[in-house]
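Student: I would like to work through this chain with you, going from helix packing to the loops. Could we begin with the terms we need?

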Amino acid sequence: MEVTAARRSFLCDIGFWADRTALHEAASHGRALQLKQLLESGASVNVVTVDNITPLHDACIQAHPNCARLLLEAGAQVDVRTIHGSTPLCNACASGSLECAKMLLEHGAKVNPSLTALTASPLHEACIQGNVEVVRLMIASGARLEAYDVHFGPPLHIACAKGRVDCVKELLNAGANVNSVKFHERALHHAARVDVEDMIELLMEFGADVYATDNQGRKPVDYTTPASPAHTCLVFYESNPLSLQQLCRITVRTRLGTRASEVIGQLDISHRIHSYLRYCEHPASL
């Protein structure tokens, strides 16, 4: 496919733009040998499409680390953004490619690119995709736990909305605010909607407000189906407020972080599960 450069890109001054090139296609389909040959023959590593998509974007969204490595070694710009604001790291997280994400970070990719109205942060993308190892990598690399996206709110909200229990656990252990708000909505509202009992238990262990109302005046339990596991669980917590001991544990966990969570959490969980099982067997006894 012959491509003629038309004009300089106004979106990011990295080179000439064109429709999709042979370099884009090779990167997208994981054809590392063809990609290497194209680069060696003089193909521009930073050529962009009309949507400002580079071959590196394509390699990352399709999870082709070998192609991403060739492009980076050839000088691909690591933080170039598409017309929608996505960086290659956003794409790597969206595809769940741990190898691509590590490689981009090693080449200086920003873990906290500025957010736009059209894009989410790499951590948001990792939570949506649900790869807990990528989420862990983003957190360890300094991703902002409360980065606010206009569509999803903080990462914890989208992890709950997608039912990603393991990702929710990573975020909470790292210090994410369990009661962060978007339009008066809490993570617990999302967990109730997707009817994931384990997630509700986890959020409650970290101090979620079971009585919080959203902008429609609805509590988390109002989004559950009567008699469902999520409904029963939330009714239990509404009927059994946290004890002073449990509140103290939550405070210590919040102040001291992950190490305290690992120890305190086991003690707290066993106590709460025991109470919950008693409630399920004899609802009127508690």
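Tutor: Before helix pairs are discussed, one definition is needed: axes are lines fitted to C-alpha atoms, for helices over the stretch in contact, and angles run from 0 to 180 degrees between N-to-C directions. Please also keep in mind that this is a predicted model.

Student: At roughly what angle do the axes of helix 2 and helix 4 cross?

Tutor: Helix 2 and helix 4 have axes that come within 9 Å of each other. Angles under 35 degrees count as roughly parallel. The axes cross at roughly 10°. That makes helix 2 roughly parallel to helix 4.

Student: Which residues of helix 2 are buried, and where do they lie around the axis?

Tutor: In helix 2, which spans residues 32-40, the buried residues are Leu35, Leu38 and Leu39. Because they cover an arc of only 100° around the axis, they lie on the same side of helix 2.

Student: What covers that buried side, and which exposed residues sit on the face turned away from it?

Tutor: The cover over the buried residues of helix 2 includes helix 1 (22-28) and helix 4 (65-73). Just beyond the end of helix 2, Gly42 adopts a positive phi of about 105°. On the face turned away from the buried side, the exposed residues are Leu33 and Glu40.

Student: How are helix 8 and helix 10 oriented to each other?

Tutor: Helix 8 (residues 132-140) and helix 10 (residues 165-174) have axes that come within 9 Å and cross at roughly 20°. Val132, Val135, Arg136 and Ile139 on the helix 8 side meet Asp166, Cys167, Glu170, Leu171 and Ala174 on the helix 10 side. The crossing in which helix 8 passes helix 10 is right-handed. Given their angle, helix 8 and helix 10 are therefore roughly parallel to each other.

Student: How many of the residues of helix 12 are buried, and which are they?

Tutor: The count is 7 of the 9 residues, so helix 12 is also largely enclosed by the rest of the structure. Just after helix 12 comes Gly207, with a positive phi of about 95°. The buried residues of helix 12 are Met199, Ile200, Glu201, Leu202, Leu203, Met204 and Glu205.

Student: How many residues are in the largest nonpolar core, and what does Val168 touch?

Tutor: The largest nonpolar core has 68 residues, and those with the most contacts inside it are Leu71, Leu104, Leu123, Met138, Val168, Leu171 and Leu203. If residues up to four places away in sequence are not counted, Val168 touches Leu156, Ala159, Cys160, Met199, Leu202 and Leu203.

Student: Is Lys182 buried or exposed?

Tutor: Lys182 is found in the loop between helix 10 and helix 11, and its C-alpha atom is separated by 8.0 Å from that of Pro154, 28 residues away along the chain. Leaving aside neighbours within four places in sequence, Lys182 is in contact with Tyr148, Val150, His151, Phe152, Gly153 and His157. Since buried means under 20% relative accessible area, the value of 11% for Lys182 makes this residue buried.

Student: What relative accessibility does Ala227 have?

Tutor: Ala227 lies in the loop between helix 12 (197-205) and helix 13 (229-239), and has a positive phi of about 75° although it is not a glycine. Ala227 counts as exposed because its relative accessibility is 67%.

Methods. Residues numbered from 1 in each chain as written. Predicted model: local features only at pLDDT ≥ 70, side-chain atom pairs only at ≥ 80, totals over all residues. Heavy atoms only, no water. Core = buried A, V, L, I, M, F, W, Y, C linked by side-chain atoms within 4.5 Å. Buried < 20%, exposed > 50% of the residue type's maximum accessible area, 1.4 Å probe, protein only. Contact = heavy atoms within 4.5 Å. Helix = DSSP H or I, 4+ residues; strand = E, 2+ residues; numbered from the N terminus. Arc of directions from axis to C-beta. Parallel < 35°, antiparallel > 145°, perpendicular 65-115°, else oblique. Left-handed = near helix turned anticlockwise from the far one by under 90°.
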